[in-house]
Amino acid sequence: MNSLGINLSGNALHGVDQRVEELLSNRFASRLLERDHTLWGPEAEAEASQRLGWVDPFDTAFELIPQITQLREQLADKGITRVVLAGMGGSSLGAEVMARAAGVRLDVVDSTDPELVGSILAAGVADTVFVISSKSGSTAETDAARRAFTQALQEAGLTPGDHLIAVTDPGSPLESLARDHQYTAVFEADPTIGGRYSALSAFGLVPAGLAGVELTTIVDDAEVASHSLYEDDETNPALRAAAVLGAGAPSRNKLIITNFDQALPGFGDWIEQLIAESTGKHGTGFLPVIVEPGAVENRSHDEDVIHLHLIADPGESQATLNPEDPRDDEVQIYGSLGAQLVFWEVTTVAAASLIGVNPFDQPDVESAKVATRAVLAEPTTPEPPQISTAEFDLFGPAGLLGDVEATGEAQQILTEVFTVLGTVLEDDSYLAVQAYTNRLRQQHLTRLRPALARRYGRPVTFGWGPRFLHSTGQFHKGGPATGVFIQITADSELDLQIPGLNYSFAELITAQAAGDGSVLTETGQPVVRIHLKDRSAAIETLINAAEQI
(Lines give C-alpha, C1' and ligand atoms only; values in the text may rest on other atoms or scores of the structure.)
Protein backbone atom coordinates (compact mmCIF):
# COMPACT_ATOMS: atom_id res chain seq x y z
CA MET A 1 0.00 0.00 0.00
CA ASN A 2 1.56 3.32 -1.04
CA SER A 3 -1.41 5.54 -0.19
CA LEU A 4 -1.12 7.85 2.77
CA GLY A 5 -3.76 9.41 4.95
CA ILE A 6 -5.11 10.11 8.42
CA ASN A 7 -8.42 9.88 10.26
CA LEU A 8 -9.23 12.13 13.21
CA SER A 9 -11.77 12.01 16.00
CA GLY A 10 -12.74 13.84 19.20
CA ASN A 11 -10.43 16.59 20.39
CA ALA A 12 -8.13 15.85 17.49
CA LEU A 13 -10.68 17.45 15.17
CA HIS A 14 -10.63 20.61 17.24
CA GLY A 15 -6.87 20.67 16.89
CA VAL A 16 -7.14 20.90 13.13
CA ASP A 17 -9.68 23.72 13.37
CA GLN A 18 -7.44 25.69 15.72
CA ARG A 19 -4.05 25.43 14.08
CA VAL A 20 -4.13 24.16 10.50
CA GLU A 21 -5.14 27.59 9.21
CA GLU A 22 -2.03 29.03 10.80
CA LEU A 23 0.15 26.63 8.83
CA LEU A 24 -1.76 27.33 5.62
CA SER A 25 -1.60 31.09 5.96
CA ASN A 26 2.14 30.79 6.60
CA ARG A 27 2.54 28.67 3.44
CA PHE A 28 4.49 26.26 5.61
CA ALA A 29 4.45 23.25 3.28
CA SER A 30 5.45 25.02 0.08
CA ARG A 31 8.10 27.09 1.85
CA LEU A 32 9.51 23.89 3.36
CA LEU A 33 9.89 22.44 -0.15
CA GLU A 34 11.71 25.65 -1.08
CA ARG A 35 14.03 24.99 1.91
CA ASP A 36 13.05 28.22 3.61
CA HIS A 37 15.21 28.26 6.74
CA THR A 38 13.21 31.07 8.36
CA LEU A 39 10.20 28.87 9.17
CA TRP A 40 11.25 28.29 12.80
CA GLY A 41 12.15 31.81 13.83
CA PRO A 42 15.35 33.89 13.95
CA GLU A 43 17.13 31.78 16.58
CA ALA A 44 16.84 28.65 14.44
CA GLU A 45 17.85 30.20 11.12
CA ALA A 46 21.57 29.39 11.26
CA GLU A 47 20.99 25.72 12.09
CA ALA A 48 18.01 25.31 9.75
CA SER A 49 19.93 26.75 6.81
CA GLN A 50 22.27 23.75 7.02
CA ARG A 51 19.71 21.03 7.78
CA LEU A 52 17.10 20.91 5.01
CA GLY A 53 18.65 18.44 2.59
CA TRP A 54 16.15 15.77 3.69
CA VAL A 55 13.28 17.69 2.09
CA ASP A 56 14.05 16.37 -1.40
CA PRO A 57 16.59 13.50 -1.21
CA PHE A 58 15.06 11.32 -3.91
CA ASP A 59 17.36 11.88 -6.91
CA THR A 60 20.41 11.21 -4.76
CA ALA A 61 18.76 8.15 -3.26
CA PHE A 62 17.92 6.65 -6.65
CA GLU A 63 21.52 7.24 -7.80
CA LEU A 64 22.82 5.51 -4.67
CA ILE A 65 20.73 2.33 -4.91
CA PRO A 66 22.62 0.71 -7.83
CA GLN A 67 25.93 1.35 -6.05
CA ILE A 68 24.62 -0.41 -2.94
CA THR A 69 23.30 -3.33 -4.96
CA GLN A 70 26.60 -3.76 -6.77
CA LEU A 71 28.56 -3.64 -3.52
CA ARG A 72 26.28 -6.22 -1.93
CA GLU A 73 26.88 -8.57 -4.86
CA GLN A 74 30.63 -8.06 -4.66
CA LEU A 75 30.63 -8.84 -0.95
CA ALA A 76 28.51 -11.95 -1.49
CA ASP A 77 30.99 -13.18 -4.10
CA LYS A 78 33.63 -13.06 -1.35
CA GLY A 79 31.43 -14.96 1.08
CA ILE A 80 30.55 -11.87 3.10
CA THR A 81 26.82 -12.10 3.70
CA ARG A 82 26.25 -10.89 7.26
CA VAL A 83 25.82 -7.16 7.88
CA VAL A 84 26.51 -5.56 11.26
CA LEU A 85 25.63 -1.88 11.67
CA ALA A 86 27.32 0.24 14.33
CA GLY A 87 25.49 3.53 14.75
CA MET A 88 23.47 5.56 17.21
CA GLY A 89 20.12 7.30 16.82
CA GLY A 90 19.49 8.38 13.26
CA SER A 91 22.56 6.51 12.07
CA SER A 92 20.89 3.18 12.82
CA LEU A 93 17.16 3.48 13.46
CA GLY A 94 16.10 4.14 9.86
CA ALA A 95 18.03 1.17 8.49
CA GLU A 96 16.82 -1.04 11.33
CA VAL A 97 13.15 -0.33 10.67
CA MET A 98 13.61 -0.95 6.94
CA ALA A 99 15.27 -4.29 7.62
CA ARG A 100 12.59 -5.36 10.07
CA ALA A 101 9.81 -4.39 7.67
CA ALA A 102 11.50 -6.42 4.92
CA GLY A 103 12.16 -9.38 7.21
CA VAL A 104 15.90 -9.43 6.54
CA ARG A 105 18.70 -9.77 9.04
CA LEU A 106 20.61 -6.68 10.10
CA ASP A 107 22.55 -6.87 13.36
CA VAL A 108 22.57 -3.43 14.99
CA VAL A 109 25.12 -2.41 17.61
CA ASP A 110 23.80 0.74 19.25
CA SER A 111 24.99 -0.12 22.73
CA THR A 112 28.13 -0.23 24.83
CA ASP A 113 26.96 -3.21 26.84
CA PRO A 114 29.91 -5.63 26.81
CA GLU A 115 27.71 -8.70 26.63
CA LEU A 116 25.91 -7.35 23.55
CA VAL A 117 29.17 -6.42 21.79
CA GLY A 118 30.65 -9.76 22.81
CA SER A 119 27.71 -11.70 21.39
CA ILE A 120 28.08 -9.94 18.03
CA LEU A 121 31.76 -10.86 17.85
CA ALA A 122 31.14 -14.41 19.07
CA ALA A 123 29.01 -15.04 15.97
CA GLY A 124 32.15 -14.73 13.86
CA VAL A 125 33.68 -12.07 11.64
CA ALA A 126 34.90 -13.88 8.50
CA ASP A 127 31.52 -13.64 6.76
CA THR A 128 30.70 -10.19 8.15
CA VAL A 129 30.86 -6.64 6.88
CA PHE A 130 30.76 -3.99 9.58
CA VAL A 131 29.09 -0.72 8.58
CA ILE A 132 30.43 2.09 10.75
CA SER A 133 27.85 4.86 10.62
CA SER A 134 28.38 8.26 12.23
CA LYS A 135 27.51 11.71 10.91
CA SER A 136 30.13 13.46 13.03
CA GLY A 137 32.58 10.62 12.68
CA SER A 138 33.34 10.75 16.37
CA THR A 139 30.27 9.28 18.12
CA ALA A 140 31.67 7.61 21.24
CA GLU A 141 29.61 4.42 21.11
CA THR A 142 30.20 3.92 17.39
CA ASP A 143 33.92 4.60 17.71
CA ALA A 144 34.20 2.06 20.53
CA ALA A 145 32.45 -0.57 18.40
CA ARG A 146 34.69 0.24 15.42
CA ARG A 147 37.78 -0.32 17.54
CA ALA A 148 36.48 -3.66 18.82
CA PHE A 149 35.51 -4.85 15.35
CA THR A 150 38.85 -3.86 13.87
CA GLN A 151 40.76 -5.74 16.55
CA ALA A 152 38.59 -8.84 16.14
CA LEU A 153 39.25 -8.85 12.39
CA GLN A 154 42.99 -8.53 12.99
CA GLU A 155 42.96 -11.35 15.53
CA ALA A 156 41.11 -13.53 13.00
CA GLY A 157 43.95 -13.00 10.52
CA LEU A 158 41.80 -10.90 8.20
CA THR A 159 42.48 -7.56 6.55
CA PRO A 160 40.14 -5.21 8.46
CA GLY A 161 39.49 -2.89 5.52
CA ASP A 162 38.03 -5.77 3.52
CA HIS A 163 35.25 -6.06 6.12
CA LEU A 164 34.64 -2.41 6.99
CA ILE A 165 32.44 0.23 5.35
CA ALA A 166 32.00 3.81 6.53
CA VAL A 167 28.98 6.08 6.20
CA THR A 168 29.74 9.59 7.38
CA ASP A 169 29.79 13.26 6.45
CA PRO A 170 32.50 14.58 4.13
CA GLY A 171 35.60 15.68 6.00
CA SER A 172 34.79 13.87 9.22
CA PRO A 173 37.46 12.04 11.25
CA LEU A 174 35.82 8.76 10.25
CA GLU A 175 36.10 9.58 6.54
CA SER A 176 39.82 10.23 6.87
CA LEU A 177 40.42 7.13 8.94
CA ALA A 178 38.42 4.93 6.58
CA ARG A 179 40.34 6.10 3.53
CA ASP A 180 43.69 5.80 5.30
CA HIS A 181 42.87 2.21 6.29
CA GLN A 182 41.44 1.32 2.89
CA TYR A 183 37.90 0.44 3.89
CA THR A 184 35.97 -1.48 1.25
CA ALA A 185 33.77 1.58 0.69
CA VAL A 186 33.29 5.05 2.08
CA PHE A 187 29.88 6.64 1.55
CA GLU A 188 29.82 10.40 2.01
CA ALA A 189 26.35 11.43 3.15
CA ASP A 190 24.71 14.78 2.49
CA PRO A 191 25.98 17.05 5.30
CA THR A 192 22.78 19.11 5.10
CA ILE A 193 20.71 16.18 6.42
CA GLY A 194 20.58 15.84 10.20
CA GLY A 195 20.83 12.39 11.73
CA ARG A 196 17.22 11.84 12.71
CA TYR A 197 16.03 12.96 9.25
CA SER A 198 18.51 10.72 7.42
CA ALA A 199 16.53 7.50 6.81
CA LEU A 200 16.33 8.16 3.06
CA SER A 201 19.99 9.17 2.81
CA ALA A 202 23.10 6.99 2.81
CA PHE A 203 22.75 6.48 6.56
CA GLY A 204 19.54 4.54 6.13
CA LEU A 205 19.90 3.16 2.62
CA VAL A 206 23.43 1.74 2.69
CA PRO A 207 23.12 -0.68 5.63
CA ALA A 208 19.53 -1.59 4.75
CA GLY A 209 20.40 -2.25 1.11
CA LEU A 210 23.48 -4.29 2.00
CA ALA A 211 21.30 -6.40 4.27
CA GLY A 212 18.99 -7.16 1.35
CA VAL A 213 16.18 -4.62 1.64
CA GLU A 214 14.53 -3.73 -1.67
CA LEU A 215 15.05 0.02 -1.57
CA THR A 216 13.49 1.28 -4.79
CA THR A 217 9.91 0.82 -3.61
CA ILE A 218 10.62 2.59 -0.32
CA VAL A 219 12.15 5.62 -2.01
CA ASP A 220 9.53 5.67 -4.75
CA ASP A 221 6.68 5.59 -2.21
CA ALA A 222 8.36 8.39 -0.26
CA GLU A 223 8.67 10.57 -3.34
CA VAL A 224 5.06 10.00 -4.39
CA ALA A 225 3.83 10.83 -0.88
CA SER A 226 5.93 13.99 -0.76
CA HIS A 227 3.88 15.56 -3.54
CA SER A 228 0.86 15.95 -1.25
CA LEU A 229 2.93 16.68 1.87
CA TYR A 230 4.46 19.81 0.36
CA GLU A 231 1.14 21.31 -0.72
CA ASP A 232 -0.52 24.16 1.19
CA ASP A 233 -3.83 22.36 1.36
CA GLU A 234 -6.14 21.72 4.28
CA THR A 235 -6.20 18.02 3.35
CA ASN A 236 -2.41 17.71 3.68
CA PRO A 237 -2.14 14.87 6.24
CA ALA A 238 1.12 16.11 7.76
CA LEU A 239 -0.27 19.60 8.35
CA ARG A 240 -3.39 18.12 9.89
CA ALA A 241 -1.39 15.88 12.22
CA ALA A 242 0.94 18.74 13.18
CA ALA A 243 -2.08 20.94 13.91
CA VAL A 244 -3.40 18.33 16.34
CA LEU A 245 -0.10 18.33 18.22
CA GLY A 246 0.20 22.10 18.16
CA ALA A 247 -3.32 22.60 19.48
CA GLY A 248 -2.66 20.24 22.37
CA ALA A 249 0.61 21.87 23.41
CA PRO A 250 1.93 22.47 25.93
CA SER A 251 -0.25 20.39 28.26
CA ARG A 252 -1.19 17.52 25.90
CA ASN A 253 2.40 16.41 25.38
CA LYS A 254 2.32 12.60 25.81
CA LEU A 255 1.83 10.91 22.44
CA ILE A 256 0.52 7.39 22.95
CA ILE A 257 1.72 5.65 19.79
CA THR A 258 0.30 2.20 19.06
CA ASN A 259 1.31 0.21 16.01
CA PHE A 260 -1.57 -1.89 14.66
CA ASP A 261 0.19 -2.32 11.30
CA GLN A 262 2.11 -5.59 11.26
CA ALA A 263 3.93 -4.47 8.11
CA LEU A 264 5.80 -1.82 10.12
CA PRO A 265 7.44 -3.64 13.06
CA GLY A 266 9.56 -1.38 15.23
CA PHE A 267 8.49 1.78 13.40
CA GLY A 268 7.54 3.40 16.69
CA ASP A 269 11.20 3.47 17.76
CA TRP A 270 12.09 5.58 14.72
CA ILE A 271 9.15 7.96 15.34
CA GLU A 272 10.13 8.18 19.01
CA GLN A 273 13.59 9.51 18.25
CA LEU A 274 12.41 11.88 15.53
CA ILE A 275 9.77 13.59 17.64
CA ALA A 276 11.41 13.52 21.08
CA GLU A 277 14.78 14.82 19.94
CA SER A 278 13.27 17.40 17.57
CA THR A 279 10.76 18.94 19.98
CA GLY A 280 11.84 18.19 23.56
CA LYS A 281 13.68 21.37 24.51
CA HIS A 282 13.27 24.68 26.31
CA GLY A 283 10.77 23.14 28.73
CA THR A 284 8.30 22.02 26.08
CA GLY A 285 7.91 19.32 23.42
CA PHE A 286 6.24 15.98 22.86
CA LEU A 287 7.11 12.64 24.47
CA PRO A 288 6.27 9.61 22.32
CA VAL A 289 5.12 6.69 24.45
CA ILE A 290 5.42 3.53 22.37
CA VAL A 291 2.87 0.96 23.56
CA GLU A 292 1.59 -2.40 22.44
CA PRO A 293 -2.01 -2.92 21.21
CA GLY A 294 -4.26 -3.39 24.21
CA ALA A 295 -1.99 -1.38 26.52
CA VAL A 296 -3.62 0.39 29.44
CA GLU A 297 -2.63 3.72 27.88
CA ASN A 298 -4.92 2.95 24.93
CA ARG A 299 -7.87 3.42 27.28
CA SER A 300 -6.60 6.63 28.83
CA HIS A 301 -8.68 9.80 28.64
CA ASP A 302 -6.12 11.81 30.62
CA GLU A 303 -5.90 15.42 29.58
CA ASP A 304 -2.19 15.28 28.79
CA VAL A 305 -2.29 12.49 26.18
CA ILE A 306 -2.97 12.27 22.46
CA HIS A 307 -3.55 8.90 20.82
CA LEU A 308 -1.71 8.16 17.57
CA HIS A 309 -2.49 4.83 15.90
CA LEU A 310 -0.60 3.31 12.99
CA ILE A 311 -3.15 1.26 11.06
CA ALA A 312 -2.94 -1.01 8.04
CA ASP A 313 -6.40 -0.72 6.47
CA PRO A 314 -8.09 2.70 6.22
CA GLY A 315 -11.29 0.97 5.14
CA GLU A 316 -11.74 -0.45 8.64
CA SER A 317 -10.46 2.52 10.58
CA GLN A 318 -13.78 4.21 11.25
CA ALA A 319 -14.96 1.30 13.36
CA THR A 320 -12.96 2.49 16.36
CA LEU A 321 -13.76 6.20 16.09
CA ASN A 322 -16.45 7.91 18.11
CA PRO A 323 -16.71 11.52 16.95
CA GLU A 324 -19.51 12.15 19.43
CA ASP A 325 -17.21 11.53 22.41
CA PRO A 326 -14.81 14.47 22.78
CA ARG A 327 -12.57 12.31 24.99
CA ASP A 328 -12.03 9.85 22.16
CA ASP A 329 -9.26 11.91 20.61
CA GLU A 330 -7.42 9.82 18.08
CA VAL A 331 -5.17 10.28 15.08
CA GLN A 332 -5.00 7.26 12.81
CA ILE A 333 -2.24 7.15 10.19
CA TYR A 334 -1.95 4.70 7.33
CA GLY A 335 0.53 4.34 4.52
CA SER A 336 3.59 2.44 3.35
CA LEU A 337 6.94 2.66 5.07
CA GLY A 338 8.38 5.09 2.53
CA ALA A 339 5.32 7.33 2.64
CA GLN A 340 5.32 7.42 6.42
CA LEU A 341 9.00 8.29 6.68
CA VAL A 342 8.34 11.58 4.88
CA PHE A 343 4.98 12.10 6.58
CA TRP A 344 6.47 11.99 10.07
CA GLU A 345 9.39 14.22 9.12
CA VAL A 346 7.09 16.93 7.77
CA THR A 347 4.68 16.50 10.68
CA THR A 348 7.50 16.91 13.18
CA VAL A 349 9.00 20.08 11.73
CA ALA A 350 5.54 21.61 11.28
CA ALA A 351 4.62 20.85 14.89
CA ALA A 352 7.96 22.32 16.00
CA SER A 353 7.11 25.56 14.23
CA LEU A 354 3.78 25.72 16.06
CA ILE A 355 5.37 25.34 19.50
CA GLY A 356 8.30 27.62 18.68
CA VAL A 357 11.31 25.29 18.84
CA ASN A 358 14.18 24.50 16.49
CA PRO A 359 13.64 20.91 15.27
CA PHE A 360 17.25 20.49 14.14
CA ASP A 361 19.29 20.95 17.32
CA GLN A 362 19.62 18.79 20.44
CA PRO A 363 21.09 21.08 23.09
CA ASP A 364 20.61 18.75 26.04
CA VAL A 365 22.08 15.58 24.50
CA GLU A 366 25.54 17.03 24.95
CA SER A 367 25.09 17.50 28.70
CA ALA A 368 25.00 13.74 29.30
CA LYS A 369 28.07 13.28 27.07
CA VAL A 370 29.99 15.88 29.10
CA ALA A 371 29.01 14.20 32.35
CA THR A 372 30.07 10.80 30.98
CA ARG A 373 33.47 12.13 29.95
CA ALA A 374 33.92 13.61 33.42
CA VAL A 375 33.19 10.25 35.06
CA LEU A 376 35.67 8.47 32.78
CA ALA A 377 38.35 11.12 33.25
CA GLU A 378 38.23 11.14 37.04
CA PRO A 379 36.78 7.90 38.42
CA THR A 380 35.64 8.26 42.00
CA THR A 381 34.83 5.78 44.72
CA PRO A 382 31.27 4.61 44.10
CA GLU A 383 28.71 5.76 46.63
CA PRO A 384 27.35 2.97 48.81
CA PRO A 385 23.87 1.73 47.87
CA GLN A 386 20.85 2.73 49.91
CA ILE A 387 19.81 -0.92 49.97
CA SER A 388 21.81 -4.02 49.06
CA THR A 389 20.71 -7.62 48.49
CA ALA A 390 22.38 -10.67 46.97
CA GLU A 391 20.67 -9.92 43.66
CA PHE A 392 20.81 -6.13 43.35
CA ASP A 393 21.85 -2.80 44.83
CA LEU A 394 19.49 0.18 45.07
CA PHE A 395 20.55 3.80 44.69
CA GLY A 396 18.40 6.91 44.92
CA PRO A 397 17.28 9.85 47.02
CA ALA A 398 17.29 9.03 50.72
CA GLY A 399 13.96 10.80 51.04
CA LEU A 400 12.49 8.39 48.54
CA LEU A 401 14.07 5.09 49.55
CA GLY A 402 14.42 5.81 53.25
CA ASP A 403 11.07 4.25 54.15
CA VAL A 404 11.67 1.03 52.20
CA GLU A 405 12.17 -1.96 54.47
CA ALA A 406 15.66 -3.17 53.61
CA THR A 407 15.62 -6.52 55.39
CA GLY A 408 12.89 -8.32 53.49
CA GLU A 409 13.10 -10.65 50.53
CA ALA A 410 14.46 -9.19 47.30
CA GLN A 411 11.13 -9.23 45.46
CA GLN A 412 9.31 -7.64 48.38
CA ILE A 413 11.90 -4.85 48.56
CA LEU A 414 11.41 -4.08 44.88
CA THR A 415 7.65 -4.13 45.30
CA GLU A 416 7.99 -1.50 48.03
CA VAL A 417 10.28 0.57 45.80
CA PHE A 418 7.70 0.54 43.02
CA THR A 419 5.02 1.56 45.52
CA VAL A 420 7.12 4.48 46.74
CA LEU A 421 7.78 5.64 43.21
CA GLY A 422 4.05 5.83 42.63
CA THR A 423 3.76 8.45 45.37
CA VAL A 424 5.86 10.96 43.42
CA LEU A 425 4.00 10.58 40.14
CA GLU A 426 1.81 13.62 39.55
CA ASP A 427 -1.15 14.04 37.19
CA ASP A 428 1.20 15.28 34.45
CA SER A 429 4.09 12.91 35.20
CA TYR A 430 5.50 10.05 33.20
CA LEU A 431 7.74 7.16 34.23
CA ALA A 432 10.80 6.26 32.16
CA VAL A 433 12.46 2.87 32.50
CA GLN A 434 16.04 2.97 31.21
CA ALA A 435 17.76 -0.41 30.84
CA TYR A 436 21.53 -0.31 30.34
CA THR A 437 21.73 -4.01 29.50
CA ASN A 438 21.82 -6.36 26.51
CA ARG A 439 18.75 -5.59 24.41
CA LEU A 440 19.42 -8.58 22.14
CA ARG A 441 19.39 -11.15 24.95
CA GLN A 442 17.25 -9.51 27.62
CA GLN A 443 14.17 -8.43 25.70
CA HIS A 444 11.97 -9.77 28.52
CA LEU A 445 12.87 -6.63 30.49
CA THR A 446 10.38 -4.80 28.28
CA ARG A 447 7.62 -6.51 30.29
CA LEU A 448 8.30 -3.87 32.94
CA ARG A 449 6.66 -1.18 30.80
CA PRO A 450 3.10 -2.53 30.63
CA ALA A 451 3.28 -3.85 34.19
CA LEU A 452 4.20 -0.46 35.65
CA ALA A 453 1.70 1.34 33.40
CA ARG A 454 -1.08 -0.84 34.79
CA ARG A 455 0.09 -0.11 38.32
CA TYR A 456 0.39 3.65 38.03
CA GLY A 457 -2.18 4.55 35.38
CA ARG A 458 0.34 6.99 33.89
CA PRO A 459 2.33 6.83 30.63
CA VAL A 460 5.43 4.66 30.94
CA THR A 461 8.28 4.59 28.43
CA PHE A 462 11.00 1.99 28.04
CA GLY A 463 14.41 2.72 26.56
CA TRP A 464 17.61 0.75 26.11
CA GLY A 465 20.70 2.58 27.31
CA PRO A 466 22.72 4.19 25.92
CA ARG A 467 20.55 4.02 22.78
CA PHE A 468 17.81 6.23 24.23
CA LEU A 469 20.33 8.98 25.04
CA HIS A 470 20.22 9.79 21.31
CA SER A 471 16.42 9.75 21.32
CA THR A 472 14.14 10.44 24.28
CA GLY A 473 17.18 11.55 26.29
CA GLN A 474 16.79 15.03 24.80
CA PHE A 475 13.19 15.29 26.01
CA HIS A 476 14.08 13.92 29.46
CA LYS A 477 16.48 16.78 30.06
CA GLY A 478 15.13 19.49 27.77
CA GLY A 479 11.37 18.97 27.94
CA PRO A 480 9.05 19.56 30.89
CA ALA A 481 10.69 18.32 34.10
CA THR A 482 7.87 15.92 34.95
CA GLY A 483 9.67 12.58 34.66
CA VAL A 484 10.37 9.87 37.20
CA PHE A 485 13.24 7.61 36.19
CA ILE A 486 14.23 4.02 36.88
CA GLN A 487 17.73 3.20 35.72
CA ILE A 488 18.65 -0.48 35.40
CA THR A 489 22.37 -1.21 35.28
CA ALA A 490 24.07 -4.57 35.60
CA ASP A 491 27.26 -6.44 36.31
CA SER A 492 28.57 -8.37 33.35
CA GLU A 493 30.13 -11.81 33.17
CA LEU A 494 32.11 -10.54 30.19
CA ASP A 495 34.00 -7.30 29.71
CA LEU A 496 35.96 -6.08 26.74
CA GLN A 497 38.72 -3.52 26.80
CA ILE A 498 38.17 -0.86 24.14
CA PRO A 499 41.30 -0.97 21.96
CA GLY A 500 43.35 2.21 22.13
CA LEU A 501 41.40 3.65 25.08
CA ASN A 502 42.05 3.39 28.80
CA TYR A 503 38.63 2.04 29.71
CA SER A 504 36.46 -0.96 28.92
CA PHE A 505 32.94 -1.30 27.55
CA ALA A 506 31.65 -2.04 31.07
CA GLU A 507 33.30 1.10 32.38
CA LEU A 508 31.92 3.16 29.50
CA ILE A 509 28.29 2.05 29.91
CA THR A 510 28.54 2.52 33.68
CA ALA A 511 29.81 6.05 33.14
CA GLN A 512 27.03 6.78 30.66
CA ALA A 513 24.36 5.74 33.16
CA ALA A 514 26.02 7.73 35.94
CA GLY A 515 26.46 10.78 33.73
CA ASP A 516 22.87 10.87 32.53
CA GLY A 517 21.58 10.13 36.01
CA SER A 518 23.49 13.08 37.45
CA VAL A 519 22.15 15.46 34.79
CA LEU A 520 18.57 14.26 35.38
CA THR A 521 19.01 14.75 39.13
CA GLU A 522 20.20 18.31 38.53
CA THR A 523 16.87 19.02 36.77
CA GLY A 524 15.06 18.09 40.00
CA GLN A 525 13.59 14.87 38.62
CA PRO A 526 13.81 11.73 40.82
CA VAL A 527 16.12 8.92 39.67
CA VAL A 528 16.28 5.46 41.23
CA ARG A 529 18.96 3.06 40.01
CA ILE A 530 18.61 -0.69 40.32
CA HIS A 531 21.96 -2.37 39.77
CA LEU A 532 21.69 -6.06 38.95
CA LYS A 533 24.46 -8.28 40.32
CA ASP A 534 23.24 -11.46 38.66
CA ARG A 535 21.44 -10.54 35.45
CA SER A 536 19.33 -13.66 35.00
CA ALA A 537 18.12 -14.03 38.58
CA ALA A 538 17.73 -10.32 39.28
CA ILE A 539 15.80 -9.62 36.07
CA GLU A 540 13.32 -12.36 36.92
CA THR A 541 12.88 -10.92 40.41
CA LEU A 542 12.46 -7.43 38.99
CA ILE A 543 9.79 -8.50 36.52
CA ASN A 544 7.90 -10.52 39.12
CA ALA A 545 7.86 -7.57 41.51
CA ALA A 546 6.52 -5.24 38.80
CA GLU A 547 3.86 -7.66 37.59
CA GLN A 548 2.58 -8.46 41.07
CA ILE A 549 2.18 -4.96 42.44
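Analyst: Arginine 27 lies in the loop between helix H1 (11-25) and helix H2 (28-33). This is a predicted model, and the description below concerns the geometry of that prediction. The backbone at arginine 27 has a phi near 50 degrees, a positive value in a residue other than glycine. Such a value deserves attention because most residues other than glycine have a negative phi. With a relative accessibility of 39%, arginine 27 counts as partly exposed, since that class lies between the 20% limit for buried and the 50% limit for exposed.

Arginine 35 is placed in the loop between H2 and helix H3 (45-48). Its phi is near 60 degrees, again positive in a residue other than glycine. Arginine 35 has a relative accessibility of 38% and therefore counts as partly exposed.

Glycine 246, a residue of helix H11, is in contact with Arg19, Phe286 and Leu354, once its neighbours within four places in sequence are set aside. The relative accessible area of glycine 246 is 2%, so this residue is buried. Glycine 246 can also be set against glycine 402: the two are 156 residues apart in sequence, and their C-alpha atoms are separated by 41 Å in space.

Proline 250 is found between helix H11 (237-248) and strand S7 (254-259), and the bond joining alanine 249 to proline 250 is cis, with omega near 0 degrees. A further cis bond, also with omega near 0 degrees, runs from glycine 465 to proline 466. Proline 466 is situated in the loop between strand S14 (460-464) and helix H18 (472-478).

Helix H13 provides the next element. Of its 19 residues, 19 are buried, so H13 is largely enclosed by the rest of the structure. Just after H13 comes glycine 356, which takes a positive phi of about 80 degrees.

The secondary structure of the protein chain amounts to 20 helices and 16 strands. Its radius of gyration is 23 Å, close to the 24 Å that the globule rule gives for 549 residues, so the chain is as compact as a globular protein of that length. Along the principal axes, the C-alpha atoms fill a box of roughly 60 × 60 × 45 Å. Of the 549 residues, 60% count as buried. Among contacts with a separation of 6 or more, 77% join residues 24 or more positions apart.

The protein chain exposes about 20,800 Å², of which carbon and sulfur atoms supply 47%.

Methods. Residues are numbered from 1 along each chain as its sequence is written. This is a predicted model: local features need pLDDT of at least 70, side-chain atom pairs count only at pLDDT 80 or more; totals for chains, interfaces and linings use all residues. Side-chain values use heavy atoms; hydrogens and water are left out. Helices (H or I, at least four residues) and strands (E, at least two) are DSSP runs, numbered from the N terminus. The radius of gyration is taken over C-alpha atoms; the globule rule is 2.2 Å times the number of residues to the power 0.38. Buried means under 20% relative accessible area, exposed over 50%, partly exposed in between (1.4 Å probe, protein chains only). Contact means heavy atoms within 4.5 Å. Accessible areas come from the Shrake-Rupley method with a 1.4 Å probe; for residues, only the protein chains shown count as cover.
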